[in-house]
Amino acid sequence: MTANSNVPARISIVTLGVSDLDRSTRFYEGLGWKRSSVSSPEIVWFRTADSVLGLFPHDELAADAGVPATGEPAFRGVTLAVNLESPELVDAALRTAVEAGAGVVKPPATTSWGGYSGYFEDPDGHLWELAHNPFFPFAEDGSLDLP
């Protein structure tokens, strides 16, 4: 952290507002993600390679942030991504997501930037990209190792 940097450059937690906590929990468990033991009936946590994913009822998340719970746009201007080591792993991950209940938004295909990518949506319409980017190496812990 630099001397005048008060906000560390990291994303520790992503919390998704969901309409049905049990359904969303089953979906992410269907991806093979492990629920943390600190989860409760009010919020569910999943540890990822380098951050935490939280699931929290949509209206309660809006209230916590102090914003209206209605008027949600069709595209929120945010996507989440899982980078994988090969195009074959992207295809396998998409099959797993579909089996867990995901909807395919954009089937994986070779990209203009030299990678391979596609999108699915979870039961609440949150967009997830599955991508293989040959220019983004992985660290031993599974996180991206960008220069």
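This is a predicted model: local features need pLDDT of at least 70, side-chain atom pairs count only at pLDDT 80 or more; totals for chains, interfaces and linings use all residues.
Mean pLDDT for the chain is 91, with 95% of residues at 70 or more. Helix α1, residues 21-30, has the highest confidence at 98, while helix α2, residues 58-65, has the lowest, at a mean of 90.

Now the overall layout. The chain has 3 helices and 7 strands, and along the sequence they run β-α-β-β-α-β-α-β-β-β. The radius of gyration is 16 Å, close to the 15 Å from the globule rule for 147 residues, so the chain is as compact as a globular protein of that length. Along the principal axes, the C-alpha atoms fill a box of roughly 45 × 40 × 35 Å.

What about the inside? Of the 147 residues, 31% count as buried. If we take contacts between residues at least 6 apart in sequence, 49% of them join residues at least 24 apart.

Back to the surface, for the part I'd like you to look at on screen. Trp113, Phe135, Phe136, Leu144 and Leu146 form a nonpolar patch there, and together they have about 470 Å² of accessible area. Trp113 sits in the loop between β5 (103-110) and β6 (116-121). Why does Trp113 count as partly exposed? Because its relative accessibility is 39%, and that class lies between the 20% limit for buried and the 50% limit for exposed.

Key
Residues are numbered from 1 along each chain as its sequence is written. Side-chain values use heavy atoms; hydrogens and water are left out. pLDDT is the predictor's confidence in each residue, from 0 to 100. Helices (H or I, at least four residues) and strands (E, at least two) are DSSP runs, numbered from the N terminus. Patches are made of residues with over 30% relative accessible area and no salt bridge: like charges are joined within 9 Å, nonpolar side chains (Val, Leu, Ile, Met, Phe, Trp, Tyr) within 5 Å. Accessible areas come from the Shrake-Rupley method with a 1.4 Å probe; for residues, only the protein chains shown count as cover. A salt bridge is a side-chain nitrogen of Lys or Arg within 4 Å of a carboxyl oxygen of Asp or Glu. Buried means under 20% relative accessible area, exposed over 50%, partly exposed in between (1.4 Å probe, protein chains only). The radius of gyration is taken over C-alpha atoms; the globule rule is 2.2 Å times the number of residues to the power 0.38. Contact means heavy atoms within 4.5 Å.
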